[in-house]
Amino acid sequence: MEQKDDEVLGKAYDSQIMKRLLGYVKPYKRYVVLAIMLNVLVAALGPLRPYLTKLAIDDYIAKADHNGLLVISLLLAGSLVFQAVMQYFLTYYTQLMGQKIIYDLRIKIFSHIQKLALRFFDKTPIGRLVTRTTNDVESLNELFSSGIITVFSDIFIIVWIFIFMFTMAWDLSLVTLSVLPVLFYATFLFRRKVRESYRDVRYHLARLNSYMQEHIGGMSIVQLFSKEKREMGNFSSINNAHKNANINSIFYYAVFFPVVELLSSIAIALIIWYGGGEVIQGTLTLGVLFAFIQYTEMFFRPVRDLSEKYNVMQTAMASAERIFKLLDNESFIKNPLNPKPLPVVNGEIEFRDVWFAYKDDEYVLKNVSFKIEPGQTVAIVGATGAGKTSIINLLTRFYDISRGQILVDGTNIAEVDKRELRRHIAIVLQDVVLFSGTVKSNIGLNSSEISEEQIIKAAETVGAAKFITALPNGYNQEVKEKGATLSVGQKQLISFARALAYNPQILILDEATSSIDTDTEILIQKAIEKLLEGRTSIVIAHRLSTIQNADKILVMHKGEIRESGTHTELLAQKGIYYRLYQLQYKDQEITRSA
Amino acid sequence: MHELKKLNKYFLRYKRKLFLGILFILLSNLGQVYIPLLLKDSIDNLTSGFSYDVLLDKALFIVGAAFFAGIFRYLIRMTVIVVSRDIEYDLRQDFWSHIQKLPLRFFQNNSVGNIMAHATNDIGSVRMFVGPAVMYSIDTGTKLIVIIAILLSTSAELTFYSLLPLPFLSYFVYRLSKKIHIRFMRIQEKFSDLTTKAQESFSGIRVVKAYVFEDREIEDFSEISRDYMEKNMAMVKIQAYFQPILFLIAGLSIIIVIWAGGNKVIAGELSLGEISAFIVYLGMLIWPVIAFGWITNIIQQASASMKRLTVFLNEPVEIKNNELTSYVINDYSGDIEFRNVSFRYSENFPLVLDGISLKIKRGSTVAIVGGTGSGKTTLLNLIPRLYDVSGGEITIDGNNIRHIPLDVLRRRIGFVSQETFLFSDTLKRNILYGLDKDNDSEVDKAAEISKLNNDLDNFPKGYETILGERGITLSGGQKQRTSLARAIAVNPRILILDDSFSAVDTNTEEAILRNLREFMKDRTSIIVSHRISTVKDADTIFVLDNGRIKEQGTHEELIALKGYYADLHYKQLLEDELKELS
């Protein structure tokens with residue numbers, strides 16, 4: 001699906017999108033004005049030289065003026081150097097401007113995505129978001145850095161050539177320029193054909209690549225069924241189609257370039273035939289003839305450049321549309337207008353008749369009510385899909401509830417700044433997320449409020465210090481470098497240390513189920529005890545030890561709290577908990593006692 | 001450089017076309033080089049002859065020569081560049097046919113991405129050498145020689161002065177395009193950093209939000225973006241002076257001609273026509289000179305790519321028919337025997353299988369159980385020779401499997417591996433993958449046995465439904481049953497099931513096993529499973545532990561043994577009871 005979405009190319013110009021894009025150029029308005037002005041000037045320098053050559057021939061060579069010839073040659077050299085220097089600055093500054101605009105836009109997209117609610121992330125593939133921030137922005141680069149401005153440059157070069165030609169000899173100009181419509185037509189036709197054939201090439205290339213990708217992955221099936229020969233046949237036909245698509249596009253190049261050369265030769269022939277005749281009649285000087293021959297060479301580049309701009313515009317418009325669609329998405333978790341302050345928290349948590357659904361009316365939590373006293377540890381148990389994860393998602397306001405209230409210290413969390421709320425809560429997720437960077441930066445998350453001592457202390461408390469100091473670079477070890485891969489258990493300990501360093505009043509722990517070796521298991525159990533000490537905690541528990549140590553157990557079943565109490569109380573009830581215990585936790589008792 | 005000699009065999013294949021191509025280059029250059037001479041004559045006519053007829057004549061000749069040159073220009077691309085695509089095709093064919101023969105080991109050691117990079121980037125850069133680089137070097141080489149000869153015959157002195165800047169131009173392009181390449185790589189690296197950062201931040205969004213460090217993430221990202229911008233600007237700096245310097249040096253040559261040549265015209269040593277021809281020739285030389293620098297880089301890159309490709313192409317085909325292969329064997333009935341088989345993945349690695357000896361009679365069913373890493377899958381992989389044994393031998397009908405032609409061996413084995421792999425094709429074509437003909441009754445039969453027909457209503461187009469990216473996604477159980485149907489469809493003598501029912505519910509599994517019992521009546525089956533229910537009816541059950549056979553016997557015998565198998569059996573009984581409860 002993603003592929004298709006990103007492949008669609010629409011029109012090359014959309015005034016609304018363009019207007020919005022130009023909004024990003026605004027801060028650099030002065031650059032643009034300066035660049036366009038310089039372009040007009042520099043565009044004249046190229047066409048000036050054939051005119052100077054004409055002067056050299058008619059006024060100095062013809063009149064045997066050595067000094068004059070030297071002066072005009074120096075003038076020519078001067079204009080060449082001047083143009084080169086100007087061109088340098090022009091390219092440099094327009095590219096710089098393009099880069100800056102791109103930079104601004106990229107940061108804007110990234111920040112926007114950071115603010116979006118989790119609901120949005122649930123239904124959008126991460127890959128698509130990455131594409132928006134990287135490739136899509138990149139394809140706008142060309143539009144800003146060369147597209148907009150060089151269009152002016154190309155047009156002005158053509159205009160200047162016209163001006164020089166017509167002031168020198170208007171009739172010869174008309175004769176020479178008679179090839180121009182053909183050139184325009186040929187160029188634009190060529191562009192269109194090449195565009196089409198490239199689409200074809202891209203299609204076949206994609207087929208070739210996906211065939212290879214798939215069959216490298218499934219090679220053992222090919223070999224097991226002895227289908228190498230047949231697959232070779234399939235591969236050959238795809239490879240062949242790819243080759244033919246490429247050869248087709250060669251054809252257009254093979255025709256276009258000779259045609260351009262032929263047109264330029266025809267122009268020269270016309271100049272010699274018509275202009276030469278005028279020279280013989282004495283109505284035209286040799287210098288003009290000379291200059292005209294040079295002008296014919298000059299025409300082709302700007303025409304070709306202009307025809308390329310269509311492609312640039314088309315991709316840019318398509319990317320811009322996708323980017324704006326993302327920026328227009330405002331599914332944020334809204335902060336209240338006048339948030340209530342929540343500076344200190346004791347850690348009392350209450351759910352009052354909470355209803356919640358990810359999708360319309362499919363409630364995953366139904367009428368959930370419970371209360372946790374400050375400092376208590378509550379374990380939530382239940383089968384997969386019972387609604388355990390939703391409870392922790394709601395407490396941090398990752399999602400907003402449909403009905404009911406969630407209170408922290410008696411304050412409705414919908415009435416406080418969500419970021420302030422989150423400062424009091426630390427979450428440890430089942431799948432540990434490590435960011436590129438060092439062990440240290442993964443514990444302290446680069447916060448200026450967490451000192452190095454606090455990081456080390458946290459690591460020591462959860463028992464992670466031992467393996468961290470044994471790493472080649474200790475706390476400064478890069479976590480995603482090759483060869484220094486951390487085990488699952490070690491990653492978990494790091495995420496525990498991260499929560500501890502944050503020193504929250506409320507802790508949410510989603511225990512990982514993955515089985516690890518006994519030594520690490522003991523380490524982790526100890527670490528969890530430390531983590532829960534002295535703070536209000538909610539644990540989605542998978543460990544018998546955690547459950548047994550909890551002050552209260554909530555048993556979730558199909559979105560409802562069906563039982564609550566201590567381990568012994570619940571076992572005695574012989575209800576859902578009793579069964580869950582048999583299924584999930586009893587084995588742990590056996591292995592522990594063994 | 002010598003790496004590129006390996007391409008000679010490909011060049012030879014197209015020697016006729018290439019020879020024509022070179023001929024066309026020469027002919028086209030002939031036409032192109034003639035035009036300035038015509039120009040010279042016509043301008044000289046304007047200063048001394050004053051004849052209208054000569055003018056028209058020359059003008060027509062110019063168009064004629066351009067037409068002549070153009071035709072051959074067209075033909076050059078249609079030969080030389082087409083050959084480059086032909087060779088690219090051949091190279092990719094050879095690459096793929098070799099890859100197909102490589103053993104499983106190769107695919108475990110090389111990521112898909114890495115193999116793909118060879119097949120796309122490296123073959124691509126070799127093509128740039130084969131086509132454009134070859135074309136431009138012959139084109140520019142011959143043009144350069146002819147034009148310089150003409151220029152020298154006009155005026156040696158002027159030639160010397162005006163060509164003086166050109167070697168610098170060539171060297172300059174060479175150096176800069178190298179630099180550009182390096183800076184381009186740096187940009188790519190930073191771009192991948194940028195992508196990684198975005199990827200990481202978006203995937204870790206829960207943690208980012210929970211620990212309230214969105215702002216720091218934005219700051220981090222801004223820093224990488226700024227760095228990326230700087231790397232881009234480093235490139236821009238080069239590009240910004242690259243073009244101006246090109247036309248500065250080229251333009252200087254022409255100004256020298258105008259000044260020095262102009263003085264010679266005044267002195268009467270040269271004609272105005274000769275000067276104009278000179279200028280046009282210089283214009284024709286500039287591109288070749290630039291191309292030289294560019295081509296040098298292409299050759300260097302192609303040579304590096306060819307080197308990488310050669311490493312893959314020299315990768316040994318470990319598992320193949322050889323002089324021991326007995327081609328008289330064209331079928332077998334399916335008595336399998338392992339004789340003291342041992343296996344290790346690589347020389348310095350520990351043994352995965354150690355002294356395995358077992359016999360499986362035709363028509364019998366054998367089951368293998370054991371913990372993770374006990375060597376079950378490895379044992380199965382040895383039968384169709386996905387790997388070759390390190391010690392001992394495996395025989396089928398008394399023939400060492402290394403002596404059975406590979407395709408005979410594999411054709412009659414129905415293998416259902418642990419990780420089901422289906423192609424993104426129709427369900428039908430997946431089931432019939434092992435057959436060479438479409439056969440609907442075969443599909444029905446295989447789907448019946450594997451109970452895939454139960455799900456037929458869920459597939460929008462029945463067996464014509466396309467799977468994978470462009471189609472529907474099957475559930476784990478459906479995938480396993482499809483891959484079972486695929487194995488059944490080949491009408492195997494030996495059926496190997498490697499934990500093939502893990503995602504299939506127990507009721508369906510029972511039904512499948514019932515069907516298989518009938519189907520496998522006089523065929524050999526080997527089943528690996530974690531479920532007692534799957535293995536309990538097997539004729540012999542082997543318990544593998546650490547690469548060795550620890551227990552063997554029937555279900556009852558093993559229960560009586562009170563070992564690993566009995567323990568596993570007890571645990572599963574417990575589990576079933578618990579399930580009934582809830």
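Analyst: The account below goes from the contact between the chains to the contacts between domains within each chain.

This is a predicted model, in which local features need pLDDT of at least 70 and side-chain atom pairs count only at pLDDT 80 or more, while totals for chains, interfaces and linings use all residues. Residues are numbered from 1 along each chain as its sequence is written, chains are lettered from A and ligands numbered from 1 in the order in which they are written, and side-chain values use heavy atoms, with hydrogens and water left out.

Between the chains, 126 residues of chain A and 117 residues of chain B take part in the contact (contact means heavy atoms within 4.5 Å). Chain A and chain B bury about 11,500 Å² between them, and carbon and sulfur atoms give 72% of that area; buried area is the accessible area, found with a 1.4 Å probe, that two parts lose on being put together, summed over both. Six salt bridges cross this interface, where a salt bridge is a side-chain nitrogen of Lys or Arg within 4 Å of a carboxyl oxygen of Asp or Glu. Lys227(A) pairs in a salt bridge with Asp436(B), with 3.7 Å between the closest N and O atoms. Helix α10 of chain A, residues 228–281, supplies the largest share of the chain A side, 32 residues; helices are DSSP runs of H or I with at least four residues, numbered from the N terminus. By class, the chain A side has 70 nonpolar, 37 polar and 19 charged residues. Here Ala, Val, Leu, Ile, Met, Phe, Trp, Tyr, Cys and Pro count as nonpolar, Asp, Glu, Lys and Arg as charged, and the others, Gly among them, as polar. Chain A and chain B also share 28 residue pairs in polar contact, both at pLDDT 80 or more. A polar contact is a pair of N or O atoms within 3.5 Å; within protein, one must be able to donate a hydrogen and the other to accept it, and residues adjacent in sequence count only if both atoms are side-chain atoms.

Within chain A, the domain assignment gives domain 1 (13–169 + 309–332), domain 2 (170–283) and domain 3 (340–424 + 508–514 + 543–594); such bounds come from an automatic or database assignment. The centres of domain 1 and domain 2 of chain A, taken over C-alpha atoms, are 26 Å apart. Eight residues of domain 1 of chain A meet nine residues of domain 2 of chain A. These two domains of chain A bury about 750 Å², 69% of it from carbon and sulfur atoms. On the domain 1 side, Met165(A), Phe166(A) and Ala169(A) lose the most area, together 59% of what that side buries. No salt bridge is found across this interface, but three residue pairs are in polar contact. Helix α6(A) gives the largest share of the domain 1 side, four residues. That side has six nonpolar, two polar and no charged residues.

In chain B, the centres of domain 1 and domain 2 are 58 Å apart over C-alpha atoms. Their contact takes four residues from domain 1 of chain B and six residues from domain 2 of chain B. The buried area is about 390 Å², with 41% from carbon and sulfur atoms. Leu104(B), Arg105(B) and Gln108(B) lose the most area in domain 1 of chain B, together 86% of what that side buries. Zero salt bridges and two residue pairs in polar contact are found across this interface.

Technical notes: Helices (H or I, at least four residues) and strands (E, at least two) are DSSP runs, numbered from the N terminus.
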